[in-house]
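Trainee: Could you show me how to read the enclosed spaces inside a protein model?
Mentor: Gladly! Let's look at the structure together.

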Amino acid sequence: MITAIRAIIFYLGYIFALIFTSCVSTPLSFFLPFKTKAWMITRFNWFVLLWLRITCGIRIQVEGQENLPEDQPMVILSNHQSEWETIYLQLVAQPMSTVLKRELLKIPFFGWGLKALKPIAVDRGKPAAAMKQVLKQGKARLAEGMSVLVFPEGTRTQPGTRGNHKKGGAMLATNSGVPILPVAHNGGEHWTSSPLQKKSGTIRVVFGPLIQTEGRHVNDVHAEVTQWLESQVDRVSELPIPVREEAVIAPSSDGSKTPS
């Protein structure tokens with residue numbers, strides 16, 4: 001009951017900050033340089049994280065802060081468990097463009113500020129077209145000096161499970177010759193899928209060493225990023241490590257055994 005009350009108080013502040021940002025900060029920043037505009041709009045993110053700590057007792061522990069480069073465009077690849085990381089990671093590097101589903105831009109208030117941050121809004125119902133859009137617009141954003149945030153799993157994955165990591169982010173970084181900053185966290189274990197279940201405790205975040213992509217094959221880069229993300233998510237998680245499904249070995253007609 002207390003957890004639910006704290007969550008309600010949190011969302012009251014969240015909604016107030018969202019309306020203020022959309023109706024005041026975003027219009028005021030309209031004619032400002034993009035980096036200044038992004039800083040103004042993301043004060044919403046800063047407030048939400050502070051308010052989350054005050055109301056719900058959720059803190060952040062960061063590891064690998066020294067791996068964050070300064071003033072260098074990069075592709076940021078992170079596991080995706082909840083809304084928390086979409087808010088937190090916007091503060092990691094600026095200017096930044098986030099790959100997201102286009103439906104988010106249609107949400108009143110929330111979508112207004114989000115659109116001003118120049119995201120790459122894709123239609124996830126058309127994966128082939130979405131991939132082309134990420135590669136084309138992502139390369140343009142990187143050329144402008146912006147970093148690009150991509151969630152390789154594409155959609156949220158429940159804590160304690162594994163998602164299917166797609167190659168789009170690794171392909172964008174490899175084609176553009178920029179490094180990848182891998183990020184692992186257990187945010188979904190505290191900012192849960194249930195709005196009224198904000199579990200107090202510490203969210204652990206790990207910034208890995210930059211993964212260089214220049215001159216490398218995308219498959220090698222993708223494999224390295226995926227291995228790092230999965231191992232680090234397992235390490236920081238407070239849940240049991242998910243068991244990988246092994247192929248079932250079935251006898252063939254000649255008596256030998258083959259994977260079924």
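**Reading the cavities**

Mentor: Keep in mind that this is a predicted model. Let's begin with a lining: its residues divide by class, and for the largest cavity there are seven nonpolar, 10 polar and five charged.

Trainee: How many cavities of 30 Å³ or more does the structure hold?

Mentor: The structure holds two of them.

Trainee: Which residues lie nearest the centre of the largest cavity?

Mentor: They are Gln-81, Glu-153, Thr-161, Arg-162 and Val-233, out of 22 lining residues.

Trainee: Is Gln-81 buried or exposed?

Mentor: Buried means under 20% relative accessible area. Gln-81 has 12% relative accessibility, so Gln-81 counts as buried. You will find Gln-81 in the loop between β2 (75-78) and α4 (84-88).

Trainee: What lies 2.8 Å from a polar atom of the Gln-81 side chain?

Mentor: That is the backbone nitrogen of Gly-188. Beyond neighbours within four places in sequence, Gln-81 is in contact with several residues, including Arg-156, His-185, Gly-188 and Val-233.

Trainee: Which element gives the largest share of the lining of the second largest cavity?

Mentor: α8 does, with four residues. Both α7 (168-176) and α8 (218-236) supply at least two residues each. Among the residues lining this second cavity are Leu-77, His-165, Lys-166, His-222 and Leu-229. By class, its lining has five nonpolar, four polar and one charged residues.

Note on methods
Residues are numbered from 1 along each chain as its sequence is written. This is a predicted model: local features need pLDDT of at least 70, side-chain atom pairs count only at pLDDT 80 or more; totals for chains, interfaces and linings use all residues. Side-chain values use heavy atoms; hydrogens and water are left out. On a 1 Å grid over the protein atoms alone, a cavity is a set of points where a 1.4 Å probe fits but cannot get out, and a pocket is an open set with protein on both sides within 12 Å along at least five of seven lines; lining residues have an atom within 4 Å of a point. Grid points are joined across faces, edges and corners, and a volume is the space filled by probe spheres set on the points. Ala, Val, Leu, Ile, Met, Phe, Trp, Tyr, Cys and Pro count as nonpolar, Asp, Glu, Lys and Arg as charged, and the others, Gly among them, as polar. Buried means under 20% relative accessible area, exposed over 50%, partly exposed in between (1.4 Å probe, protein chains only). A polar contact is a pair of N or O atoms within 3.5 Å; within protein, one must be able to donate a hydrogen and the other to accept it, and residues adjacent in sequence count only if both atoms are side-chain atoms. Contact means heavy atoms within 4.5 Å.
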